[in-house]
Amino acid sequence: MTLRKLIAFIQLTRPLFLMGGVVLYALGVFIARSQGITIDLPRALLGQAIITSIQLMTHYSNEYYDLETDRLIGADRTFFSGGSGVLPSGTLSPVVAQRAMRGCAAVGLVAIFIGATQSPLVGLIGIIGLLGAYFYSAPPLRLSGSGWGELTASIIVALLTPLTGYVLQTNRIDPIVFQIAAPLVLLHLAMVLTFELPDYAADLATHKRTLAVRSSRNTVGWLHTALIIGAFVFIAITATSFTRFVWLSLPLAVWQIGGAIWRSQHAWIHLGWFTFGGLALFALTASLWLIGFSL
């Protein structure tokens, strides 16, 4: 493999996004530690292997199955939406993404099987996560264009990921994980909606029926705003001592809401900054919660 192709493969992998899986998984582990559980490092590493392999499979699957749409995005691509742009450029063959996807799925299945020997619940959660992540882009379900993909992705990322970390440490499910994950699911869903806006024209042209295509950019903008408000209202209602750092992300939430309102009344422009704001809000809130549980 030439250096040029190696760099392209790293771009295809989108390693920056893997940090989200690390933070959310660690959140589940540290929720368990806050209850007096001593962290089992081998189990923690096994769970991270499950999460990262599924996440990588998803990246490669999205690149492979969304190739037609990504070719049409062109200048509308942002750093966070529209794929990596590697396959449309022709630098790598789609077969590379397909083989990487299958390899990561195989690794994920092995890790899930090993995890199931430690906790049957992890086996169930892992299989649900892997199948949901694969069929997000892959036929015949292709959830990303069904109207259910956005919610499916948010549940897998913001709920099942920390739940995996918690269950592997405790061998049980606790309502506190759902309490912490609920607003994160809402914020992740708001983030996914920001990613759909730059892709709107390409998704429409390829009949990929995302929520933005099914409704309109303005409708998605207002839904995005409602989700952020709902997340912070939920946090306020269920506030605990672990919530104290989370409020530091509130100014960013206000900024993101203001951006959505302005664009809905004027024009949907500067979407690169809007998608960055959606990602930053979700990532910062999850990180601040992790800090709250780890200190």
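1. Let's start with Phe274, which touches Thr194, Leu197, His224, Gln256, Gly259, Ala260, Arg263 and Trp268, leaving aside residues up to four places away in sequence (contact means heavy atoms within 4.5 Å). Phe274 sits in helix H14 (residues 271-294); helices are DSSP runs of H or I with at least four residues, numbered from the N terminus. With a relative accessible area of 2%, Phe274 is buried (buried is under 20%, exposed over 50%, partly exposed in between, with a 1.4 Å probe and protein chains only). Its C-alpha atom is 9.9 Å from that of Trp255, 19 residues apart along the chain.

2. A word on the model: it is predicted, so local features need pLDDT of at least 70 and side-chain atom pairs pLDDT 80 or more, while totals for chains, interfaces and linings use all residues. Residues are numbered from 1 along each chain as its sequence is written, and side-chain values use heavy atoms, without hydrogens and water.

3. Next, the charged pair. The whole structure holds one salt bridge (a side-chain nitrogen of Lys or Arg within 4 Å of a carboxyl oxygen of Asp or Glu). Arg142 pairs with Asp66, and their closest N and O atoms are 3.1 Å apart. Because Arg142 lies in the loop between helix H7 (120-137) and helix H8 (149-170), and Asp66 in the loop between helix H3 (41-65) and helix H4 (67-73), the pair ties together parts 76 residues apart in sequence. Arg142 is partly exposed at 25% relative accessible area, whereas Asp66 is buried at 7%.

4. Finally, have a look at Leu6, found in helix H1 (residues 3-13). Leu6 is partly exposed, at 40% relative accessibility.

Notes. Helices (H or I, at least four residues) and strands (E, at least two) are DSSP runs, numbered from the N terminus.
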